[in-house]
Amino acid sequence: MLLPVSSSRAIRCRFGLLSGLSLSLVAPSALADEFSAPVFHVSQSDFGGVGLMQMPSGRVAPEGEFTFGTTYNKDYLHYNVSLQLFPWLETTIRYTLVQDVLYSNDPNFSGDTKYTDKGIDFKIRLLEESYWLPETSIGIRDFGGTGLFDGEYLAASKHWGPLDFTLGLGWGYMGNRANLKGDKSLSNDCGRNTEYKGKGGSVDFERWFTGCMSVFGGVEYQTPWQPLRFKLEYDGNDYTSDFPVTRAGTDMSQDSPFNIGTLYSLGNWGDLRLSYERGNTWTVGLNLKTNFNQQTTAWRDTPKPAYAPNPQKQDLIAEDWQKIADELHQNAGLKNPTLYADDTTVTVLASQDKYRDRMQGYDRAATILSNQLPTDPITGQPAFDTYRLIETSQDLPITETQINVADYDAVARLLYVNATIDDALTTQVPRAPQGQLIARDNDPWDLSLSPNLQQSFGGSEGFYLYNLGINAGASYAFNDQWELGGSLYLNLLDNYDKFKYDVPPDGTDLKRVRTLVRQYIDGNPLRVNNLQLTWMDQLADDWYAQAYGGYLEMMFAGAGSEFLYRPMRSNWAFGMDMNYVIQRDPDTQLGLFHDEVHFDPITGRDYRVQTGALTGHATLYYQPQWTFLPNTLMKISAGRYLTEDVGMTFDFSKQFDSGVIAGAFVTLTDLSAEEFGEGSYNKGFYISIPYDIMTIKPSRNRATISWLPLTRDGGQMLNRKYQLYQITDAREPWYSRKMTSSAP
C-alpha cells in the first residue's frame with residue numbers, strides 16, 4: 001500500500017528521531033554535533049575520591065586533578081582533599097568530625113571539640129576501560145587510620161551512553177552488610193579486628209580483606225542538561241558498627257540499602273551534591289576542583305628586544321658595558337650581573353631570578369649582547385665568538401651555558417627550518433671567568449617580605465590551628481662567601497590560645513621541641529625569627545659546602561654545616577648536615593634555655609626542653625627516570641632529630657606540568673608509638689605553588705602550603721635557612737623547572 005507523501009515523511013522523521021535517540025543513549029561520544037549527549041565526567045563520593053555516594057567506583061580522575069570537598073549529615077562532617085597523582089594512582093586525605101562524640105571526656109583538655117578521625121585513602125587503577133572491559137580499580141580506605149572507616153574494595157565501572165554502571169566487592173566498612181560473606185552473629189564486623197595499633201596512624205596489613213564481604217554497586221546518569229546528573233547506589237554497609245553507634249549509642253539504623261543523589265556542576269571548578277541515604281538521612285556536599293596539569297597563565301612581561309645587531313658599532317666605553325649589565329638584569333632576569341671580556345668571549349655571572357624557562361633568559365641575554373656588542377671592523381661579523389652565561393645562586397657558580405654567537409645569529413634570523421636557541425647552546429660545569437672585569441651590577445643588600453602560614457589539622461584543642469604572619473628579611477653579603485642575614489616575624493592572627501598544654505596529656509616524656517609552639521607565637525607578636533652568619537663556597541666541580549651560626553629558626557639557636565655532592569646533569573645527589581642546637585627561651589627575644597626541666601601549672605607535671613644536642617642527617621636525593629613515576633623526587637634522610645630520637649625520613653613529591661609540586665613525608669624513629677604519642681609517628685603533606693601561575697609576572701619564587709596532622713615532638717628536623725640542594729637546583733632543575741603545559 002502506498003502511503004501519502006506526508007505520512008512517509010513523518011515516518012522517516014520518527015525513525016530518524018528514534019535512531020538519533022538510541023545512538024545518543026548507546027554511544028554519545030560518536031556524535032560530534034549539538035545533538036550529542038553531554039560528555040560524562042567523573043565525580044567525587046562523600047568520602048572523597050571518585051565514586052558514587054558512600055561507595056567508590058572503578059574510575060579515576062584525569063591526572064593532576066585536585067579536589068577539596070566537604071560533606072555534611074547529622075552523623076558526620078567530612079573534609080577531604082583528593083589528588084590524582086598519576087594516571088593510575090588516586091590519593092585522598094580526609095578528616096571526619098563525628099557529630100555526637102567529643103574528642104575526650106576532659107573538658108579542660110579538648111573542650112567541645114568533636115572527635116576527629118584522620119584517614120588516608122588510595123586507589124590503584126588496574127585496567128583502563130575498553131570496548132569489552134570495564135575500568136577496574138583496587139583501593140584501600142582509611143589506610144593507616146584509627147579504624148573508623150577502614151575497608152578495602154575492588155570495583156569496576158562500564159560506560160553505556162549517558163549511564164555509568166559500577167559493580168564492586170567491599171570488605172571492612174564497605175562490606176559490613178555481609179551479603180556475600182561473613183557471620184554477623186560473631187560481631188558486627190564479622191570477626192574483623194577493628195582495634196588500631198599504637199596511638200593511631202599505623203598500618204595494619206593483617207586485617208586487609210578480612211571480615212564482612214559485600215557486593216555493592218550503582219549507576220550514575222548524565223542528563224541531557226550538562227550540569228545535572230543523578231546517582232543510584234546499593235550500599236555495602238549496614239551501619240551497625242559505625243563509631244557513633246558503638247561509642248555514643250546513636251541510632252544509625254537503615255530504612256533502605258539504596259541511596260539516591262543528585263549532583264549539580266558549577267563548571268570546571270566545582271559541584272554541589274545532595275543525596276538521601278539509608279532511607280532516612282539527607283547529606284549535602286560541596287567540591288571545589290582544579291587541575292595542576294592544566295594551569296596556565298598570561299604574563300604582562302617586558303617585551304623581548306628585537307634582534308638587531310649594529311654593524312657600525314666599533315667600540316664600547318664603560319658606560320656602554322654598564323648599560324648592558326642593567327639591561328641583562330631588567331630584561332633577561334639575570335640579577336646583579338658581573339661581566340668579563342677577552343678577545344673572543346664575553347662572560348656573564350648572574351643568578352636567574354625571573355624565568356623558570358631558562359631558555360627565555362638565554363634568548364633574551366643573547367639578543368641583548370648581540371645588539372649592544374661591537375662588530376669586527378674588517379669582516380663586519382660579531383667581534384666575539386662566544387657568550388658564557390654562568391648561572392649563580394647565593395654567589396655560587398652552579399652551571400655554565402655557552403652560546404655560539406654565529407649559531408645564534410642563524411637561529412635569530414631563522415635561516416633554516418625549526419631553528420631554536422637549543423641549537424646554539426652547550427651546557428657544562430662552570431669554569432672560572434676569563435678576561436678582564438668590565439662591569440659589575442653589585443648590590444650587597446637583599447631585602448624580602450613574605451607572608452607565612454603555619455597550620456595543623458585534627459588536634460584535640462581545636463580542629464584547625466593556625467598562625468598567620470609576615471616575615472621581613474634582610475641580608476648583607478660581605479663577599480662571594482660570607483653573608484650576615486636575619487628576619488623578623490610579625491604575628492598577625494592566630495588561634496593558638498586553644499593550644500593550652502605545655503605537656504600533652506598523653507603520657508609522653510619527650511623534650512618539648514615543637515609542642516611549645518604556642519609560647520613562641522603568643523609570647524611576643526614581634527620576634528627575631530632568624531639571625532645568622534653564613535659561609536658558603538664551591539669546594540670542587542661537584543662539591544658544595546656551607547657553615548652557619550646564630551639564631552637558626554624561631555625555636556632554636558646554634559651552629560652547623562652542610563656538604564653536598566651533586567654532579568652536573570645527574571638525577572641524584574648526596575648531602576650531609578650536622579648541627580649543635582639549643583632551644584630558645586620564648587619569654588625573651590634572644591635568650592636560651594639553660595634549665596632542662598620546667599613545670600607546667602595546668603597539668604601539674606614537669607616537662608623537659610632541649611638545652612643542647614647534636615642533630616643532623618645524611619640525605620640521598622633521587623629523581624627517578626621510571627616510566628610509571630615520571631617527574632618525581634625522592635629524598636631519604638637518616639640521622640638524629642631534635643628530641644634526640646634516631647631514624648629515617650622518606651619524602652616523596654610529584655611535579656605537574658604547571659610546576660605545582662605535591663608531596664608527602666613520613667618519619668620513623670626509634671620511638672615507640674607510646675613514646676611518640678598520638679599519631680604514632682611523624683608525617684605530613686605539602687603543596688608548593690609557583691608564584692608565576694598566580695601572578696601576571698614571571699617569577700621563580702614559590703609558596704608552600706603544608707598540612708600536619710598533629711604537632712608532635714618526635715621526628716622533628718631543624719628548619720635551616722638554606723638548603724644546598726635547592727641552591728644548586730640549576731644542575732638538574734626541580735624547583736625551577738619550566739612550565740610544560742601550554743600557556744598563552
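The protein is built from 9 helices and 33 strands, where helices (H or I, at least four residues) and strands (E, at least two) are DSSP runs numbered from the N terminus. This is a predicted model, in which local features need pLDDT of at least 70, side-chain atom pairs count only at pLDDT 80 or more, and totals for chains, interfaces and linings use all residues. Residues are numbered from 1 along each chain as its sequence is written, and side-chain values use heavy atoms, with hydrogens and water left out.

**The whole protein**

Along the principal axes, the C-alpha atoms fill a box of roughly 100 × 95 × 40 Å. Of the 744 residues, 52% are buried; buried means under 20% relative accessible area, exposed over 50%, and partly exposed in between (1.4 Å probe, protein chains only). A contact here means heavy atoms within 4.5 Å. Among contacts between residues at least 6 apart in sequence, 60% join residues at least 24 apart. The exposed surface comes to about 33400 Å², with carbon and sulfur atoms supplying 59% of it; the areas come from the Shrake-Rupley method with a 1.4 Å probe.

**Helix α6**

Which residues of helix α6 (residues 405–412) are buried? They are Val405, Tyr408, Asp409, Ala410 and Val411. Their cover includes α5 (358–372), β15 (386–393) and β16 (396–404). Just after α6, Leu414 has a positive phi of about 55°.

**Aromatic pairs**

Rings of Phe, Tyr and Trp (its six-membered ring) pair if their centres lie within 6.5 Å; planes under 30 degrees apart count as stacked, over 60 as edge-to-face and the rest as tilted. By this rule the protein has 26 aromatic pairs. Here are two of them, with their geometry.

| Pair | Centre to centre | Angle between planes | Class |
|---|---|---|---|
| Trp225 and Tyr264 | 5.8 Å | 55° | tilted |
| Phe292 and Phe656 | 5.6 Å | 55° | tilted |

Trp225 sits in the loop between β8 (213–222) and β9 (228–234) and Tyr264 in strand β10 (residues 258–265), so their pair ties together parts that are 39 residues apart in sequence. The pair of Phe292 and Phe656 links distant parts of the chain, 364 residues apart. Phe292 lies in the loop between β12 (281–291) and α4 (318–332), and Phe656 in the loop between β30 (646–655) and β31 (661–669). Both Phe292 and Phe656 are buried, whereas Tyr264 is partly exposed, with a relative accessible area of 35%. Elsewhere, Phe47, Tyr76, Phe149, Tyr173 and Tyr239 form one aromatic cluster.

**Two residues to look up**

Thr649 belongs to strand β30. Is Thr649 buried or exposed? Thr649 counts as buried because its relative accessibility is 10%. Its side chain makes a polar contact with the side chain of Tyr641 at 2.7 Å. A polar contact is a pair of N or O atoms within 3.5 Å; within protein, one must be able to donate a hydrogen and the other to accept it, and residues adjacent in sequence count only if both atoms are side-chain atoms. Leaving aside residues up to four places away in sequence, Thr649 touches several residues, among them Lys635, Phe665 and Met717.

Asp522 is found in helix α7 (residues 517–523). With 34% relative accessibility, Asp522 counts as partly exposed. Not counting residues up to four places away in sequence, Asp522 touches Asp494, Tyr496 and Asp497.
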